Amino acid sequence: YPNCCVPEMSLQDAAKIMLEHDCGEIPVINTWQEKRPVGVITDRDICCRSLAVGKDPMKMKVRDCMSSPAITVPLDMSVEECCILMEEEQIRRLPVVDEKGQCCGIVSQADIARMGSESLAGTL
């Protein structure tokens with residue numbers, strides 16, 4: 001399972017997760033038990049929705065800056081379909097959900113570029 005956070009988590013804790021795991025986005029799940037994606041938070045979300053608008057990120061929660069709702073894909077979605085969705089939604093990462101709707105991974109443009117065909121990577 002990917003590293004996730006919940007809406008009530010502090011922005012600082014979410015940023016620490018990103019730093020520790022060298023990633024720029026983590027899924028936001030409804031609860032630790034259910035693990036249903038309700039959004040995502042990026043390093044850019046944190047910057048643009050706190051510091052850039054004069055708010056104190058040390059006093060904010062993930063829910064204050066996250067992008068919602070989460071655009072997710074099922075485990076069995078093809079690489080081609082993921083590319084189309086990323087292009088349509090103008091996003092670079094998609095949380096992957098299992099048959100229970102629980103977050104079980106993330107697919108990124110970089111993943112597709114590494115494993116996909118040159119034509120798919122070029123499309124993105």
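**Surface and charges**

I started with the accessible surface of the protein, which comes to about 7,300 Å², and carbon and sulfur atoms hold 51% of it. The areas are from the Shrake-Rupley method with a 1.4 Å probe, and for residues only the protein chains shown count as cover. I note that this is a predicted model, in which local features need pLDDT of at least 70, side-chain atom pairs count only at pLDDT 80 or more, and totals for chains, interfaces and linings use all residues. Residues are numbered from 1 along each chain as its sequence is written, and side-chain values use heavy atoms, with hydrogens and water left out.

I looked up the charges next: the mean positions of the 13 positive and 20 negative ones are 9 Å apart. Lys and Arg are taken as positive and Asp and Glu as negative, without His or the chain ends; each charge is placed at NZ of Lys, CZ of Arg, CG of Asp or CD of Glu.

**Elements and overall dimensions**

I find five helices and five strands, in the order α-β-β-α-β-α-β-β-α-α from the N terminus. These are DSSP runs numbered from the N terminus, with helices being H or I of at least four residues and strands E of at least two.

The radius of gyration is 15 Å, close to the 14 Å of the globule rule for 124 residues, so the protein is as compact as a globular protein of that length. The radius is taken over C-alpha atoms, and the rule is 2.2 Å times the number of residues to the power 0.38. I also noted the C-alpha trace, which spans about 45 × 30 × 25 Å along its principal axes.

Of the contacts (heavy atoms within 4.5 Å) with a separation of 6 or more, 48% join residues 24 or more positions apart. Buried residues are 39% of the 124; buried means under 20% relative accessible area, exposed over 50%, and partly exposed in between, with a 1.4 Å probe and protein chains only.

**Cores**

I then went to the nonpolar cores, each a set of buried Ala, Val, Leu, Ile, Met, Phe, Trp, Tyr and Cys residues joined through side-chain atoms within 4.5 Å. The largest has 18 residues, and those touching the most other members are Cys-5, Met-9, Leu-11, Ile-26, Val-28, Ile-41 and Val-62. α1 (11-20) and β1 (25-29) each supply at least two of its residues. α1 gives the most, with four. Another core, of nine residues, lies apart from it and includes Cys-82, Leu-85, Leu-94 and Val-107.

**Loops and backbone**

I checked Pro-69, in the loop between α2 (43-49) and β3 (73-74).

Lys-35, in the loop between β1 and β2 (37-42), is not a glycine but has a positive phi, near 60 degrees. Lys-35 counts as partly exposed at 28% relative accessibility.

Gln-90 also has a positive phi, about 55 degrees, without being a glycine. Gln-90 is in the loop between α3 (79-89) and β4 (93-97) and, at 67% relative accessibility, counts as exposed.

My last entry is Glu-99, in the loop between β4 and β5 (103-108), which is exposed at 70% relative accessibility. Glu-99 is 92 residues from Pro-7 in sequence and 23 Å from Pro-7 in space, C-alpha to C-alpha.
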